[in-house]
Amino acid sequence: MLDYKNPNLILETSEVEPGSFTWRSPSNLAIIKYWGKHGVQLPKNPSLSLTLSSSFTDTLLEYKPKESGDRNISLEFTFHQEPNEPFREKVVKFLESVTDIFPFLRQLDLTVRTGNSFPHSSGIASSASAMSALALCLCSLEHELFETLEDDDEFDKKSSYVARLGSGSACRSIFPVASLWGQTGEVEGSSDLFGLPMAEEVHDIFKDFHDDIMIASTAAKSVSSRAGHSLMDSNPFAESRYADAKRKLHFLLEAMKKGDLETFGRIAENEALTLHGLMMSSNPSYILLKPNTLEMIERVRRYREETKHPIYFSLDAGPNLHVLYPGEIIHEVRVFVDEELKPLCEEETYLQDWVGEGPVQV
Ligand code: PMV
């Protein structure tokens with residue numbers, strides 16, 4: 001099994017010059033959902049996502065050699081220019097957890113300055129963009145110090161592996177357009193340990209594809225994703241759900257290759273409602289959807305029926321509706337979104353996002 005533990009990545013600190021890296025990394029939207037895990041962030045079924053664009057995290061990592069021989073992680077941290085102790089502690093815990101992979105982290109004084117492009121508590125999962133941005137910074141740092149990750153594919157693979165350790169879905173944010181995570185006979189080279197780039201496997205229609213995120217509610221979720229994953233262990237439908245996800249992946253890959261939007265949309269909507277069905281059938285059961293989410297779903301379906309436009313929805317682990325459609329119908333769809341969906345959103349707020357090119361070093 002692939003293992004990135006490397007005790008040789010130890011610095012001669014007297015030779016290290018201070019430096020920094022900044023990565024901008026996007027969030028992603030799963031079409032086949034990852035829901036249920038085992039071991040260290042290993043998925044119970046393969047998932048496939050679209051890489052987003054305007055919902056991203058910027059992360060700056062600064063480093064300088066430690067003057068003391070202290071072996072603890074030394075981290076100064078700000079989130080949106082403010083110190084944030086709970087967040088800092090999470091990052092320290094994550095960095096501690098990857099010191100077998102990056103042992104040199106113990107030899108440096110680190111500073112992380114991070115922030116999201118999307119409003120706090122807008123319901124966009126920030127863990128995917130945040131953990132992928134941090135993983136990319138760590139791999140850039142390794143390469144700067146040891147010249148170990150010259151090959152771009154190797155760099156991406158390791159970044160994806162490390163991002164996964166922070167948050168499973170983050171491993172898919174490393175790649176442009178679309179990414180697959182999880183071992184499946186459908187795709188050669190697929191793995192539970194890291195995501196794969198899928199841009200070449202999907203039709204061009206997905207390269208100009210929109211995701212308008214309708215903010216149904218910004219209230220804190222009653223059950224976190226972490227708790228939701230673990231409730232899958234006792235969900236009576238778990239095994240059939242994992243089998244169903246694998247079966248749907250086959251049809252989704254075929255549809256995305258061909259540009260068959262109808263099949264794509266049917267699977268996207270089914271997966272979104274299945275995810276929430278699993279929450280409702282967990283023990284204890286819970287509901288994250290809001291009445292306005294359901295009203296928006298009905299309106300999307302009615303509009304599609306009436307206009308025959310290929311517009312579909314998806315949901316993340318929250319009440320906000322992701323409205324998906326190809327760029328060629330943006331003008332018509334935005335009229336519908338503004339007139340029919342926006343008034344149902346909290347403070348009439350929605351975010352405009354689209355399929356993007358993946359992370360960039362800035
Ligand atoms: O990566 P996590 O542990 O935040 O889980 C993400 C789960 C979903 O967003 C609901 C689905 C997915 O595949 O992204």
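Guide: What follows is a set of questions about a sheet, a helix and a hairpin, with the definitions behind the answers.
Guide: This is a predicted model, in which local features need pLDDT of at least 70, side-chain atom pairs count only at pLDDT 80 or more, and totals for chains, interfaces and linings use all residues. Residues are numbered from 1 along each chain as its sequence is written, and side-chain values use heavy atoms, with hydrogens and water left out.

Visitor: What makes S10 and S13 a pair of strands?
Guide: Strands are DSSP runs of E with at least two residues, helices are runs of H or I with at least four, and both are numbered from the N terminus. Two strands pair if DSSP finds at least two bridges between them; S10 (residues 209-214) and S13 have five, in the antiparallel sense, so they meet that definition. Within this pairing, Asp-212 stands opposite Gln-352 in S13.

Visitor: Why is one side of S11 and of S13 left without a neighbour in the sheet?
Guide: The open sheet has four antiparallel strands in the order S11-S12-S10-S13. Strands S11 (312-315) and S13 (350-354) stand at its edges with a single partner strand each, so one side of each has no neighbour there.

Visitor: How do you know that H6 packs on the sheet?
Guide: Helix H6 (residues 261-280) touches S10, S11 and S12 (321-326), where contact means heavy atoms within 4.5 Å. Its direction makes about 30° with that of S11, the axes being lines fitted to C-alpha atoms, for helices over the stretch in contact, and the angles running from 0 to 180 degrees between N-to-C directions.

Visitor: How many residues lie between S5 and S6 in their hairpin?
Guide: There are two residues between them, and His-80 in the turn has a positive phi of about 50°. Two bridges join S5 to S6 (residues 82-83), which run antiparallel, and the partner of Phe-79 in S6 is Glu-82.
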